[in-house]
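Let's take a quick tour of this structure, one topic at a time. Have a look at it first, then read on.

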Amino acid sequence: MNIYQPYLMSIKEITDETVDTRTFRLEFKDPEVAEKFTFNAGQFGEYSVFGEGESTFCIASPSTRKGYIECSFKASGKVTRALRRLSVGDTLGFRGPYGNNFPLDNVMKGHNMLFIAGGIGLAPVRSVIWTCLDQRDQFKDVTIVYGARSVGDLVYKRELEEWGKRSDINLCLSVDPGGETPDWKGKIARIPTAVEESGVKAEDTFAVICGPPIMIKFTLPVLTKLGFPADHIYTTLENRMKCGLGKCGRCNIGPTYVCKDGPVFTAAQIRALPQEF
Amino acid sequence: MTQRFLSQAELTALVAELVAAKTRVIAPVRAQDNPEQLDYMPIQKLEEATFGAQVPRRSLKEFFLPATEVLLRYVQTKEGVEIKAAPTEAPPFVIFSATPCDASGLDVVDKVMNWDYKDELWFGRREAATIVSFLCAAMDAVCFCTAVGLGPDSFRGSDVLLVPVEGGYLAHIITPKGEALLKGKGKEEIPASAKAAAEVAQSAAREKVEANLAKIPAEFAGWLAKNFDHPLWKTLSLRCHGCGACASICPTCHCFDIVDEHDSSNEGVRRRNWDSCQTSKFTLHASGHNPRGSQNERFRQRIQHKFSIYPAKFGDILCTGCGRCARACPGGMDLPTIVGELMAMAKAEPEGGSNL
């Protein structure tokens, strides 16, 4: 065993989220690993297709549920395209969990939560949402603002429906203008507007935001305007990685290693980073 | 730490003994394709080696982090996949006549290889190796080991440092590994004249390098961090082709890629290959976004990583001052000159560049 050796996992379930985004439910082949494996919401892993290579993404399932992990990916590179060719029962490799996590236990517990996500950016946020919902009594108000370019681009649709029905969640779904369908009942607005109009209060609230850089760029000022201090806003960064272990040398933004110092950062920490991401 | 006197014959016999015991012995020899250059290569007898004549064209890195190495083998079966991880233990080997810069480079890289996660492949080879360095007298105009806190007689990373004196060598025995290698060899009594001669040779060598570049002050790391957005980076990298030659021959550049190679329909290997932050695809995302999309950003990364990020994290400059990058660069990028210019700017504007 060396640090680059992955665990073997088998694909138990495949869900097509959108035309190009897919979710795998994965189980460890080795029962001992399955028993011992734990992670925290926000951590990531290196997923591999043997013969194609490794690719980095977050664990999209909640840390409160044992025995399996889920990941959602968009076919965009060599490995993600190869992942798409796999079927239920096939084997893939997984190294992890790596990196830090959202501080649910030590910072966010006992407060209101605001979750903001755009497109496939819901994957890491979903892990935090469910981890939070699985201990719902530990948190005050929960607000979720989620949007995508079009209705077809919304991921985890069954869960969105479930969240919409729950009285202990304030769910705001939104699609960009032009992305709506005739029967669309949600908002038609971009995320920054949807957040501003959500009626969420900054007081005693922590925000978790993830999505395309352009969405984050225009949503952060809105949060500031609403009164969120920069250290109450958490996000997760992505950069190209190979090792995930702080050695291969490519995910750093100046002195900050996304793989080891992140991937979870506060808006205050991101503001202090050099502009190289 | 002890000292011992070894005659030329004793050193020759030691190498013969190791080779007879099937221990791999590596030393600088004339390169097969270019007799003007040296390569670290396996030797059968000491006479094949060239001692202290010049800095070998490639560093010792490849014996610890090979240019390409198998991390694991896999076989796909009907039932799934079987993995065989690469062994982390390596057979013992001895390196003779390493330059002190190359030996110390390994010690510097140890820190990142042990940063929370221990890279057993690297450390397996580190533990297997005994390194006998040789007082460097091969410095040229681009050597600057003393500027990064090392020196032509640095003990760092070496198990033994040999200093040539009349009739043989004065051996500084630095570690228990060095002690074990020279157990029962040579004499413990060293003639006073030999000791004095070694001291003179060592300080003369240091002075020669010191003349190339002043010692990099501790504040330099912080100054670079503060000046991340300084326009100087745009000018500095104009001659950089982005070829990555500097990283290949660098003793401390350790960045790598991990790729799979499919050997047949159901078998293959996962490899680690050297990579370089100077190439354009190094940080390219699958989406097409590239956080370091231009060469000046990539060159800034190289300088920042070596002289700011690594020192801040691990307390060491990620550079041994060996000068290889300056010798290898097809664009004439000369690291000691560039570092010298940056140091002058830091001195002139300690609070940061005026353009900030």
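**How chain B is put together**

Chain B splits into domain 1 (2-58 + 88-210) and domain 2 (219-348). Keep in mind that this is a predicted model.

- Taken over C-alpha atoms, the centres of domain 1 of chain B and domain 2 of chain B sit 27 Å apart.
- Where these two domains touch, 20 residues come from domain 1 of chain B and 18 residues from domain 2 of chain B.
- On the side of domain 1 of chain B that touches domain 2 of chain B, you'll find 12 nonpolar, 3 polar and 5 charged residues.

**Where chain B meets chain A**

- Chain B puts 43 residues into this contact, and chain A puts in 35 residues.
- Several elements of chain B give two or more residues to the side that touches chain A, including β4 (68-77), α2 (100-113) and α9 (295-314).
- Which element gives the largest share of that side? That's β10(B), with 6 residues.
- Sorted by class, the side of chain B that touches chain A has 25 nonpolar, 10 polar and 8 charged residues.

**A covered strand in chain A**

- Strand β5 (residues 69-74) of chain A is mostly covered, with 6 of its 6 residues buried.
- In a regular strand, side chains alternate between the two faces of the sheet.
- In β5(A), Ile69(A), Cys71(A) and Phe73(A) point one way, while Glu70(A), Ser72(A) and Lys74(A) point the other way, and all are buried.
- Strand β2 (residues 21-28) of chain A runs antiparallel to β5(A), and 6 bridges join them.

Notes
Residues numbered from 1 in each chain as written. Chains lettered and ligands numbered in written order. Predicted model: local features only at pLDDT ≥ 70, side-chain atom pairs only at ≥ 80, totals over all residues. Contact = placed C-beta atoms within 7 Å. Helix = DSSP H or I, 4+ residues; strand = E, 2+ residues; numbered from the N terminus. Nonpolar A, V, L, I, M, F, W, Y, C, P; charged D, E, K, R; others polar. Domains from an automatic or database assignment. Buried ≥ 20, exposed ≤ 12 C-beta atoms within 10 Å, placed from the backbone. Pairing = 2+ DSSP bridges.
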